[in-house]
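Subject: Structure handover

Hello,

Here is the structure I promised to pass on. Please open it and keep it beside this message as you read.

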Amino acid sequence: METPLIEFRNVTKRFNGRTVLDNVNLSIYENQVTTIIGKSGTGKSVLLKHIIGLLKPDEGSILFQGTPINKMKKAEWEGHRHRIAYLFQNNALLDSMTVLENVAFPLRQTTNLPKAEIEKRAMKRIEDLELLEAVGKFPSELSGGMQKRVALARALVTDPQIVLFDEPTTGQDPIRKNMILSMIIHYRKKFGFTAIMISHDIPDVFFISDRVIILWEGGVGFEGPYEDALKQNVPMIDEFLRSLDGFEDQLTGLLSREAFKMHYSAMLGSAAREATSSAALFGVRLNILSEALGAQAALEALKALGEYTNRYFNAVGGFSARRSRDEILTIFPHKNLEEARKLVEDYSRDLEHGVIDHIRDIASGNSGEATCFDIHIHAGVTEISPEDTIDEIIEKGRAKQEIISTYRCDFGGNDQ
Amino acid sequence: MKEYYEITEPMNILASFFSAIGRWTIRAVGNFGAMAVFFFLAFINIFRARQIREITNQTYYIGAKSSLIVMLVALFTGMVLGLQLFYTLVKFGSVGALGSAISLSLVRELGPVLTAIMITARAGSAMAAEIGILRNSEQIDALYTMGVDPIRYLISPKIAASIISFPLLTAFFDLIGIIGGYITGVVLLGTNAGTYFYRVQSSIDIVDIRGGFIKALVFGAIVSCICCFQGYFCHMRSDGFGAKSVGLATVSAVVISCVMILVSDYVVTSFLM
């Protein structure tokens, strides 16, 4: 069995007699995105601070690649620690330094790189996080969202192998929230780092997480893939997850997963149960858009698709939700397969004006050989039987997916 | 036979009194030990090439920017000394010794002590407050997570700059103080200028100057260590959190520094005599 990168064994931490972490056991694996969720005051930040050594457990031990940290020699632990970056919940920017100085600071202090190289690397991260206009400003002159991005740029400037994110998307608008999450995926693919993240941004955070850890009353309530958490049927966890998931997906305006589930259950429970219903699964490959136009542009295109789909099918009684990063599932109550196909055909014709035009507008801002790409919107229409679970409907929809609309590069790109 | 002794009210008060003294002593010894380790860690990190720039910046802030206030205080201290000593010496018919009295008082005692107190008030309080704010806003934790030793980056330059600045400012204080004494003693009260300067020159020995500088060095180390320590550990105070802890840390830094300046002045003087 794979040795965890970080392991907590019976870790207990108390502050002024109050137990914050109570006999916590958990494992974090290399090259995975692990998300920690839990109510306020359950010790999520305390847990992260133990990983980097800012806090030490009162009882129990923390193992790094199988070796207890408290038994490591100082040099050995320092070696591991330099591979870790930490994004603080309140950003912890050095307030007497400008944005550029803040981002360049870790390189200036811990490397012997020439000044020009340090500035180049810092500017690259500043550019990635769209902070160019803030480069000479001090943290107090920036909004909370911008400060968060500066802190993120500083955390990533040293290309760390393990990154601890303490609520990286707090205070961001839906587009930027998803941009930050996209960037985490992008960097993870590029550098293969391990991410440990505290976040409440359901569903987006779960789309990028390999594992979820739910802290519950000082202990670990659940540890494993998110889908498993939903299947556990532990009432407390179920209630907690539902409380985090609002009624609306902030990015697209579609129903949240929980609201969608409730609508679907209501549909099955009503008289419509006997009537035929259908569903369509829509998909757009975000990674192609992201590589061609950047994360923010890709998310704007997804937002446009979500809003358009919502508006179009709500008018005919359908309801939709995002089921993964780039898939939208729509249910058509009272519509048989033929009627649903007809609806999707009409929808695809109008897509040209609703979504493809939007992608074209974004692409025209980046026109040139480097941004040349083709993008297809897929749809799979299927009939629903009353016994079908949502996952089964998705599988059936995926199997029937075909291209319904295409944005073609004016310069002649490759088909994706 | 009684199986236990009844604790009477006076005994209870006595027990509380001694236990309070015991707790205070244990805490004081613990703090003193922690401060010694803190100073040692900061001191050994002074001698690194990367520190030169930061030490220069801090010397400018602690030293150069304090020079005006130190010189102002020195001028009036010298003038008051001139006034007081003139009228005292007149009674004994020894006005000629005015230069000696002023210069020795300043070089041996008043110069190092008043300089240290003035720098504590101006730069020491700022050190404690600045470090306390860095602590409360997690900037010190952020330094640690970036692989930067906070003691090396924040504390060592301040201690080095204090050790450099205190003797230099003391020298300024002595000089301006003697000029202050000249203004009242010679210009305003009519003592002979030649006698004044002759007495200054003949009475001050290199041992006096060296003693004054040793005191200044000791005060520099003590003040910077106390002020930085109070700010660095303000989050561990039991009497306040957040902004209040920074305020309390600053007050403690100034009060403890001033007391320790006088205590260490006595100790160093007794060794020098």
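Below are my notes, starting with chain A as a whole and ending with chain B.

Bear in mind that this is a predicted model.

Chain A overall

Chain A has 416 residues, and 55% of them are buried. It holds 14 helices and 15 strands. Take the contacts between residues at least 6 apart in sequence: 71% of these join residues at least 24 apart. The accessible surface of chain A is about 18200 Å². Carbon and sulfur atoms account for 47% of that surface.

The six-stranded sheet

Chain A contains an open sheet of six strands, in the order 6-7-8-3-9-10. The pairing is mixed. Strand 6 (84-87) and strand 10 form the edges, each pairing on one side only. From one strand to the next, the twist averages 15 degrees. Helix 5 (residues 144-156) of chain A lies across strand 6 and strand 7 (162-166). Its direction is at about 175 degrees to strand 6.

Strand 9

Look next at strand 9 (residues 211-216) of chain A. Which strands does strand 9 pair with, and in what sense? Strand 3 (residues 33-38) of chain A pairs with strand 9 in the parallel sense, over five bridges. Strand 10 (residues 219-224) of chain A runs antiparallel to strand 9, and five bridges join the two. Strands of a sheet pair through backbone hydrogen bonds, either parallel or antiparallel.

Some pairs to find on screen:
- A:Ile36 is opposite A:Ile213 of strand 9.
- A:Ile37 has A:Ile214 of strand 9 as its bridge partner.
- A:Trp216 is opposite A:Gly219 of strand 10.

Is strand 9 of chain A buried or exposed? Six of its six residues are buried, so the strand is largely enclosed by the rest of the structure. In a regular strand the side chains alternate between the two faces of the sheet. Both faces of strand 9 of chain A are covered. A:Arg211, A:Ile213 and A:Leu215 are buried on one side. A:Val212, A:Ile214 and A:Trp216 are buried on the other. Note that an arginine, A:Arg211, is among the buried residues.

Most residues other than glycine have a negative phi.

- A:Glu217 sits in the hairpin of strand 9 and strand 10, which has two residues between the strands. Its phi is positive, near 50 degrees.
- A:Asn23 has a positive phi near 55 degrees. This residue lies in strand 2 (residues 18-28) of chain A. A:Asn23 is partly exposed, at 44% relative accessibility.
- A:Ala92 has a positive phi of about 50 degrees and is not a glycine. It is in the loop between strand 6 and helix 3 (99-110) of chain A. At 2% relative accessibility, A:Ala92 counts as buried, because the cut-off is under 20%.

Chain B

Which residues form the nonpolar patch on the surface of chain B? They are B:Val251, B:Val255, B:Val259, B:Val263, B:Tyr266, B:Val267 and B:Phe271. Together they have about 720 Å² of accessible area. One of them, B:Val255, lies in helix 9 (residues 242-272) of chain B. B:Val255 is partly exposed, at 48% relative accessibility.

B:Thr88 is in helix 3 (residues 67-92) of chain B. Its relative accessible area is 37%, so B:Thr88 counts as partly exposed. B:Thr88 and B:Leu143 are 55 residues apart along the chain. Their C-alpha atoms are separated by 58 Å.

Best regards

Notes: Residues numbered from 1 in each chain as written. Chains lettered and ligands numbered in written order. Predicted model: local features only at pLDDT ≥ 70, side-chain atom pairs only at ≥ 80, totals over all residues. Heavy atoms only, no water. Buried < 20%, exposed > 50% of the residue type's maximum accessible area, 1.4 Å probe, protein only. Helix = DSSP H or I, 4+ residues; strand = E, 2+ residues; numbered from the N terminus. Pairing = 2+ DSSP bridges. Axes fitted to C-alpha atoms, helices over the stretch in contact; angles between N-to-C directions. Contact = heavy atoms within 4.5 Å. Areas by Shrake-Rupley, 256 points an atom, 1.4 Å probe, with all protein chains shown as cover. Patch = residues over 30% accessible without salt bridge, like charges linked within 9 Å, V, L, I, M, F, W, Y side chains within 5 Å. Salt bridge = Lys/Arg side-chain N within 4 Å of Asp/Glu carboxyl O.
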